[in-house]
Amino acid sequence: MTPELLHAVSPVEAFALPFMWRGLVTVAILAVAAGVVGLFISFRELEFVSDGLVHSVFPGLVVGAAVGGTAGLLPGAAISAVLAAVLFTVIEHRGGVGADAAIAVVLTGLFSLGVVLVSRQEGYVSQLQELLFGRLLTVTDAQLWQILVVALAAVGIVGVTWRAQLFRAFDAAGAEAAGFRVLRADLALGVAVALLVVAGVQALGVLMVIALLTVPMAAARLVSRRFGALIPLAILLPLAAGALGLWLSFAWSVGAGATVSPGAVVVLLLVAGYVLAALARRIAGALRRRRTA
């Protein structure tokens, strides 16, 4: 993208358009919710389970769209995600060497079921692409409110169980000894992650929402070791990536006539932010070792 093209479409002009600011507000809502919920995803090392929840939403989206159209997406995804969250939590508590394998079987099975279901519909290729990669620039006012309500519910669940989640993340045995019900805390976190997946999947798609759940907090933990700074940093990264990604994709589409997925651009910028954070940590570590040598 040339500098002339970027100057031709200013951020003020771009975000004055209703579909652009709705996309930006959507990213902001998801960034705040993912920053809070992602803290415990990272500390509990639940990235793989979160990936499973993202894939498990797919058949619910397909069934919901087939039954109720656009209005059926959220209920179908919510039912599928919550059921999967409960199932994954039970598998995790069952333990054993086959727990990860069982989760992998469940997520691949559910995702394949979604592909089979969507392939039975007319125009399934375009529907599959939309469900996989999202529709960030076509979020309606009604969908925006749905995303806000679901994201608030996810944050609320984590907030209500905050002390139990902290105990569970750092000392599972201590949490149980302190009187916290570990299974209940795990179910609460699983449902919160599932709801956040449901909120994000409408805008970012099945394959991209996992980046929002995991990458910002991973980058934040590379940048800072202060617990109080992790959530703000994990919120700022997707906010910056969202604003820049939406503007770049719009400028590219308008100026160069190229169709660019804004969700994909946002995710690429998130990954770029993580890479920069990793490089900065390595450089800082090398400088510290040189000063102490």
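## Overall architecture

Among the contacts in the chain with a separation of 6 or more, 78% join residues 24 or more positions apart, where contact means heavy atoms within 4.5 Å. The model is predicted: local features need pLDDT of at least 70, side-chain atom pairs count only at pLDDT 80 or more, and totals for chains, interfaces and linings use all residues. Residues are numbered from 1 along each chain as its sequence is written, and side-chain values use heavy atoms, with hydrogens and water left out.

The chain has 14 helices and zero strands. Helices (H or I, at least four residues) and strands (E, at least two) are DSSP runs, numbered from the N terminus. Of the 293 residues, 47% count as buried; buried means under 20% relative accessible area, exposed over 50%, and partly exposed in between (1.4 Å probe, protein chains only). The accessible surface of the chain comes to about 14,100 Å², and carbon and sulfur atoms hold 68% of that area. These areas come from the Shrake-Rupley method with a 1.4 Å probe; for residues, only the protein chains shown count as cover.

Two packed helices are described by the angle between their axes and the distance between the axes. Axes are lines fitted to C-alpha atoms, for helices over the stretch in contact, and angles run from 0 to 180 degrees between N-to-C directions.

| Pair | Axes come within | Crossing angle |
|---|---|---|
| Helix 3 and helix 9 (residues 162-170) | 9 Å | roughly 25° |
| Helix 9 and helix 11 (residues 182-204) | 10 Å | roughly 105° |

Helix 3 is therefore roughly parallel to helix 9, whereas helix 9 and helix 11 are roughly perpendicular to each other. Angles under 35 degrees count as roughly parallel, over 145 as roughly antiparallel, 65 to 115 as roughly perpendicular and the rest as oblique.

Residues in the contact between helix 9 and helix 11 include Arg-168 of helix 9 and Asp-186 of helix 11.

## Two individual residues

Arg-22 lies in helix 3 (residues 18-43) and is buried, with a relative accessible area of 17%. Beyond its neighbours within four places in sequence, Arg-22 is in contact with Val-139, Thr-140, Asp-141 and Leu-144.

Thr-259 is placed in the loop between helix 13 (227-256) and helix 14 (262-292). Thr-259 is exposed, with a relative accessible area of 82%.
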